[in-house]
Structures are given as structure tokens and as C-alpha cells.
Amino acid sequence: MRKALVVGNWKMNGVRSDATDLAAAIKTGFEDNGAEIAVCVPSVYFSEIGSLLAGSSILLGSQNVAEHDSGAYTGEISAKMLNDFNCHFAIVGHSERRSYYNDSNESVARRYNQSLSQGITPILCVGETLEQRESNETFTVIDQQLDAVIDLAGIESFAKAVIAYEPVWAIGTGKVATDDQAQEVHAYIRNKLAQLDAGIAENMQILYGGSVKPGNATALFAMPDIDGGLIGGASLDGDAFLSIYQSTK
């Protein structure tokens, strides 16, 4: 049976004191229910937050990873560097990276591969925009995003990865994806993988990343193919984030 997973993506929010206060609040209030939990923090705070969370079950993650092993790539952070801070996860292909920084399906696949090369679990984000959904292109977009990774890394790589479905059209737009809409895409992703390897598909953790909050988490996580959440804004509130985690019971 798949373990649930809840991952907080803090994005570019807060300063040092905010980060340490939030990490401390999450660590203090955490009650293990058997599901996995992680926080993807700004890279400048890896050392401090990692030390603060040491000895707990709360895993550390990165919000991105470079597509190259090393070299003259100013501002990038390699998977080897992430390993120095015991990063367990690295988000790749987040909708904001795709939209604001022009991460292509191919560059996302390379970031995914770099993460795996250092034993770091990639959280591969996929999802469609409002325009794409209204044009009935949801599954075409999902196919393209997944196929780029499958072509480069192979289906077997998904045994060491996590997928997060982000309906971009339901993030900060006022539009809300229903539980059934979210489940439909999660089931599509799992069925697509199952055509290549049924065992990997069955064990694949597929998270939902469409504005999960304490008020909608329980219903979403009750869907058969939704295995937890990639949490944005709500992860900046320790109580809200832990409430979402407890919704995996």
C-alpha cells in the first residue's frame, strides 16, 4: 500500500527568522501518523533548517535543481550541492519554473535525471494552464510532460520519484478543481504509467498541488489515486500545514 506524502513548498517567502520559527513550529507540533512529510525551503536556509529538523521525521527538500552536474551556470544549484545538506527531495518542473523561467519539458527531464543521479527523489510537477484545459488539451499536456522524462530516464526511474499534479488554472485564480476533477487526472497519470509498468504505477506516489488547504484536504486525500499534497501557501502556517498532514489518516 502506498504511503501518503505531504510536502510544503515555501517558495520565496520570509526571512531567516520566519524560516526558523516556521520549522520549529512544525517540528514541535508534528505527530507522526505513518505518512511522510517534508519541507522544501529556500536554498539559503538549507543548513539552518536542516540542523533544526535533525532527529525528526520531517525531511528536507529543494525547490529546484540544476540540469547540469557542474560548470559555469551562475545561480544554479547542483544535485551534488543538495546532497551536502541531506536534501531528500527536489522539486522539478514546478508550474512557476515552467511559466516564469521557461523550463521546457526537456530541461525538466534533465533536472529530474540529475536529481536521481545523486540519490535525491525528484518531485516531478505536471499540469495544464486554464487555456489548455478550456481547449481540452489537459491529457495532451500531461502526456508531453511525462513522455519527456520517460524518454530520457525510462519508466524504471519512476520507482524512485514522486509526481505532483498541479492544475495551474486552479492556483491563485479563484477557480477551484473539484475532488473528481483532481482524481480524474491522477487516475490518468497512473494508468499511463501502468501501460509501461504496472508495478511502478501501483506504487507511485502522486500528489495534488492545486491550492490544498485544511478545509479541502480530507476530501481530496480520500480519492483513490491522490496520495497526498504539494502544499504552497498553506505550508507557511505551521498549524495549517500540520492539519493538512493529519488529513492523510
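Student: In which strand is the place of Val162?

Tutor: First, the ground rules. This is a predicted model, in which local features need pLDDT of at least 70, side-chain atom pairs count only at pLDDT 80 or more, and totals for chains, interfaces and linings use all residues. Residues are numbered from 1 along each chain as its sequence is written, and side-chain values use heavy atoms, with hydrogens and water left out. Helices (H or I, at least four residues) and strands (E, at least two) are DSSP runs, numbered from the N terminus. Val162 is in strand β6, residues 162-165.

Student: Is Val162 buried or exposed?

Tutor: Buried means under 20% relative accessible area, exposed means over 50%, and partly exposed lies in between (1.4 Å probe, protein chains only). Val162 has a relative accessible area of 2%, so Val162 is buried.

Student: Which residues does Val162 touch, not counting those up to four places away in sequence?

Tutor: Contact means heavy atoms within 4.5 Å. Val162 touches Leu5, Phe89, Thr121, Pro122, Ile123, Leu124, Met204, Gln205 and Leu207 on that count.

Student: Where does Gln183 lie?

Tutor: Gln183 lies in helix α8, which covers residues 179-194. Gln183 is buried, at 13% relative accessible area. Leaving aside neighbours within four places in sequence, Gln183 is in contact with Met223, Pro224, Asp225 and Ile226.

Student: With which side chain does the side chain of Gln183 make a polar contact?

Tutor: A polar contact is a pair of N or O atoms within 3.5 Å; within protein, one must be able to donate a hydrogen and the other to accept it, and residues adjacent in sequence count only if both atoms are side-chain atoms. Here the partner is the side chain of Asp225, at 2.8 Å.

Student: How many disulfides does the structure hold?

Tutor: A disulfide is a pair of cysteine sulfur atoms within 2.5 Å. The structure holds zero. Cys40 is in no disulfide, and its nearest cysteine sulfur is that of Cys87, 7.9 Å away.

Student: What is the phi of Asn86?

Tutor: Most residues other than glycine have a negative phi. Asn86 has a positive phi of about 55 degrees. Asn86 sits in the loop between α3 (79-83) and β4 (89-92). Asn86 is exposed, at 64% relative accessible area.

Student: What about the phi of Asn136?

Tutor: Phi of Asn136 is positive, near 60 degrees. Asn136 lies in the loop between α6 (130-134) and α7 (138-153). Asn136 is exposed, at 71%.
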